[in-house]
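This report looks at a helix pair and at some charged contacts. Take a look at the model before reading on.

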Amino acid sequence: MADASRKTVLVTGAGGRTGQIVYRKLKERSDQYAARGLARTEESKQKIGGADDVFVGDIRDAGSIVPAIEGIDALIILTSAVPQMKPGFDPTKGGRPEFYFEDGAYPEQVDWIGQKNQIDAAKAAGVKQIVLVGSMGGTNLNHPLNSLGNGNILVWKRKAEQYLADSGIPYTIIRAGGLQDKDGGVRELIVGKDDELLQTETRTIARADVAEVCIQALNFEEAQFKALDLASKPEGTGTPTTDFKALFSQITTRF
């Protein structure tokens with residue numbers, strides 16, 4: 001019989017760089033969480049250990065993700081379209097690389113349809129909370145990320161965020177700054193709204209810190225029905241964040 005005090009939490013995009021960290025952190029806290037992962041391919045599943053609690057499914061195919069979502073308490077969405085660099089770019093010649101999205105893997109299909117499918121399935125399954133990780137920059141239609149591969153990635157991410165905010169399910173939308181592959185837990189985290197942090201020097205955050213905030217959002221009412229921009233001070237300045245209740249209490253924006 002399942003331990004009623006443990007939350008069953010599904011991480012989608014569990015094979016991705018941030019998703020892997022969230023999944024691992026949940027597994028390390030097995031007294032609090034029963035972790036599940038959703039990976040797109042068997043290869044991706046094996047990359048994170050291939051355990052029975054990792055499901056294989058394609059978020060663009062609504063039916064394929066239902067088994068992973070049935071019976072969970074919370075969903076952490078870390079799926080995202082990934083632009084590919086066109087071959088032949090030579091950095092020694094200057095200029096900028098060109099990007100493209102693979103057929104069927106455009107932001108509209110992954111970040112909009114795929115996330116909508118997850119939200120709909122979670123709502124049907126009675127999931128109690130959804131944490132969605134997006135990206136800063138969505139208030140600016142001319143943001144450079146939108147031009148990558150003509151994908152308008154921030155536009156579609158924001159559409160999915162709005163859909164979640166309108167769903168009635170308790171949610172936390174985390175719009176992360178530039179992601180860094182650094183150790184977490186050693187910086188002071190900063191929250192903001194409406195891309196105001198992009199006008200400052202503190203626009204980046206470690207993936208491990210984003211992962212931690214995702215999990216902490218499951219523990220505090222102060223994190224529910226809120227959207228936040230997330231970055232951190234440089235290591236060595238400020239005090240490393242440990243009081244997440246206080247961090248979430250700073251946020252007043254629902255979207």
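Buried means under 20% relative accessible area, exposed means over 50%, and partly exposed lies in between, using a 1.4 Å probe and protein chains only. By that scale Lys-25 is buried, at 15%. Glu-212 is buried too, with 12% relative accessibility.

The model is predicted: local features need pLDDT of at least 70, side-chain atom pairs count only at pLDDT 80 or more, and totals for chains, interfaces and linings use all residues. Residues are numbered from 1 along each chain as its sequence is written, and side-chain values use heavy atoms, with hydrogens and water left out.

**The helix pair**

Helices (H or I, at least four residues) and strands (E, at least two) are DSSP runs, numbered from the N terminus. Helix 1 spans residues 17–28 and helix 7 spans residues 207–216. They pack at an angle of about 50°, their axes 9 Å apart. Axes are lines fitted to C-alpha atoms, for helices over the stretch in contact, and angles run from 0 to 180 degrees between N-to-C directions. Helix 1 is therefore oblique to helix 7. Oblique covers what is left after roughly parallel (under 35 degrees), roughly antiparallel (over 145) and roughly perpendicular (65 to 115).

Contact means heavy atoms within 4.5 Å. Helix 1 contributes Arg-17, Thr-18, Ile-21, Val-22, Lys-25 and Leu-26. Helix 7 contributes Arg-207, Ala-208, Val-210, Ala-211, Glu-212 and Ile-215.

**Salt bridges**

Side chains of opposite charge can pair when their charged atoms come close. A salt bridge is a side-chain nitrogen of Lys or Arg within 4 Å of a carboxyl oxygen of Asp or Glu. The whole structure has 17 of them.

| Pair | Closest N and O atoms |
|---|---|
| Lys-25 and Glu-212 | 2.8 Å |
| Asp-181 and Arg-207 | 2.8 Å |
| Glu-188 and Lys-233 | 3.2 Å |

Lys-25 in helix 1 and Glu-212 in helix 7 lie 187 residues apart.

Is Asp-181 buried or exposed? Asp-181 counts as exposed, at 55% relative accessibility. Asp-181 sits in the loop between strand 9 (178–180) and strand 10 (189–192), and Arg-207 in helix 7, 26 residues apart.

Glu-188 is partly exposed at 21%, and Lys-233 is partly exposed at 28%. Salt bridges with shared partners join Arg-17, Asp-181 and Arg-207 into one network.
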